[in-house]
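Reader: I'd like to learn how to read a model like this one, feature by feature. Can you walk me through it?

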Amino acid sequence: MNVKLAKFLSIILHPVLMPGYALFYLLNFNSYFKTMTSMYEKSALYSIILLNTLVLPMLISYILVRRGLIHSFEMAKREERVIPYISNAILMVVAYYMMRKLMLPKIFYLMILGASAAVVFAVIINLKWKISIHMIGIGAFVGTFFGLSTFMMVDLRFPILLTLLIAGLLGSARLTLGAHTSMQIYAGFFVGFFCEYVILSI
């Protein structure tokens with residue numbers, strides 16, 4: 001794969017964007033979720049997800065870079081990832097409780113709970129081994145669609161096939177950039193997929 005394309009894919013498929021992408025697809029391109037949620041619920045979901053999985057994580061990473069605690073947003077070294085991963089896990093748990101407090105549909109807070117579990121696993125594994133957070137993100141994306149299709153009988157065949165293709169491209173991109181080994185790529189995808197799929201079975 002071309003290095004420029006690999007970098008582009010790594011940016012637009014960054015893990016902090018995955019929850020937003022999944023939510024956007026479900027609320028706009030799936031008739032079931034599009035009709036079952038009110039405008040108030042949609043606004044609340046977008047606000048909670050964007051704040052806790054994108055805006056605040058990016059802000060925290062920016063502060064860490066400015067203070068020299070991490071060298072760049074890429075966080076190439078395993079040791080640099082500890083604080084961002086822990087803060088992301090906490091923010092996702094906060095998002096989970098916010099959704100429950102607002103009495104939003106169960107399926108949405110289970111999705112963010114699955115993502116929280118995946119990040120917690122990433123924190124633990126990262127203490128000893130550098131796992132791919134990009135692949136955890138896309139794995140959770142795929143696991144979400146598989147879980148919804150299996151346990152809620154929602155027709156998501158097209159997004160499942162599309163996200164599997166995207167996952168393959170992203171894995172290739174991370175290998176091209178030398179960011180991870182093949183095992184770290186596969187392990188990341190499995191962790192993300194497993195956490196979402198299992199949590200959605202509850």
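Predicted model: local features only at pLDDT ≥ 70, side-chain atom pairs only at ≥ 80, totals over all residues.

Reader: What about Tyr 96 and Tyr 109: how are their rings arranged?

Author: Their centres lie 5.6 Å apart with the planes at 80 degrees, so that pair is edge-to-face. This pair links distant parts of the chain, with Tyr 96 in helix α5 and Tyr 109 in helix α6, 13 residues apart. Tyr 96 is buried at 11% relative accessibility, and Tyr 109 is buried too, at 13%.

Reader: Which residues form an aromatic cluster?

Author: Phe 24, Tyr 25, Phe 29, Phe 141 and Phe 145 make up one cluster.

Reader: Let's zoom out. How many helices and strands does the chain have?

Author: There are 9 helices and 0 strands. A compact globule of 202 residues would come out near 17 Å, and the chain has 16 Å, which agrees. The C-alpha atoms fill a box of roughly 45 × 35 × 30 Å along the principal axes. Of the 202 residues, 49% count as buried. Look at contacts between residues at least 6 apart in sequence, and 73% of them join residues at least 24 apart.

Reader: What does the largest nonpolar core look like?

Author: The largest nonpolar core has 42 residues, and those with the most contacts inside it are Leu 26, Met 99, Phe 108, Ile 112 and Leu 156. Helices α1, α2, α4, α5, α6, α7, α8 and α9 each supply at least two residues of this core. The largest share, 8 residues, comes from α6. There's also a second, separate core of 10 residues, which includes Tyr 85, Ile 133, Ile 136 and Cys 195.

Reader: Which residues does Leu 156 touch?

Author: Leaving out residues up to four places away in sequence, Leu 156 touches Tyr 25, Leu 26, Asn 30, Phe 145, Leu 148 and Ser 149.

Reader: Asn 30 is on that list. Is Asn 30 buried or exposed?

Author: Asn 30 is buried, with a relative accessible area of 6%, and the cut-off for buried is under 20%. You'll find Asn 30 in the loop between α2 and α3. A polar atom of the Asn 30 side chain lies 3.2 Å from the backbone nitrogen of Phe 33. Beyond four places in sequence, Asn 30 touches Tyr 25, Val 154, Asp 155 and Leu 156.

Reader: How do I read a helix such as α9, and what do its buried residues pack against?

Author: Start with length: α9 has 19 residues and reaches 27 Å from its first C-alpha to its last, close to the 27 Å expected. Then list the buried residues, including Gln 184, Val 191 and Cys 195. The buried residues of α9 pack against α6, α7 and α8.

Reader: What does the side chain of Gln 184 join up with?

Author: A polar contact of 3.3 Å joins the side chains of Gln 184 and His 180. Gln 184 is buried at 9% relative accessible area.

Reader: Last one: where does phi take a positive value in a residue other than glycine?

Author: Look at Met 103, with phi near 60 degrees, and Met 153, with phi near 55 degrees. Met 103 is in the loop between α5 and α6, and Met 153 is in the loop between α7 and α8. Met 103 counts as exposed at 67% relative accessibility, and Met 153 is exposed at 69%.

Methods:
Residues numbered from 1 in each chain as written. Heavy atoms only, no water. Helix = DSSP H or I, 4+ residues; strand = E, 2+ residues; numbered from the N terminus. Expected span 1.5 Å × (residues − 1). Buried < 20%, exposed > 50% of the residue type's maximum accessible area, 1.4 Å probe, protein only. Contact = heavy atoms within 4.5 Å. Core = buried A, V, L, I, M, F, W, Y, C linked by side-chain atoms within 4.5 Å. Polar contact = N/O pair within 3.5 Å; in protein donor to acceptor, adjacent residues only side chain to side chain. Phe/Tyr/Trp six-rings, centres within 6.5 Å; stacked < 30°, edge-to-face > 60°. Rg over C-alpha atoms; globule rule 2.2 N^0.38 Å.
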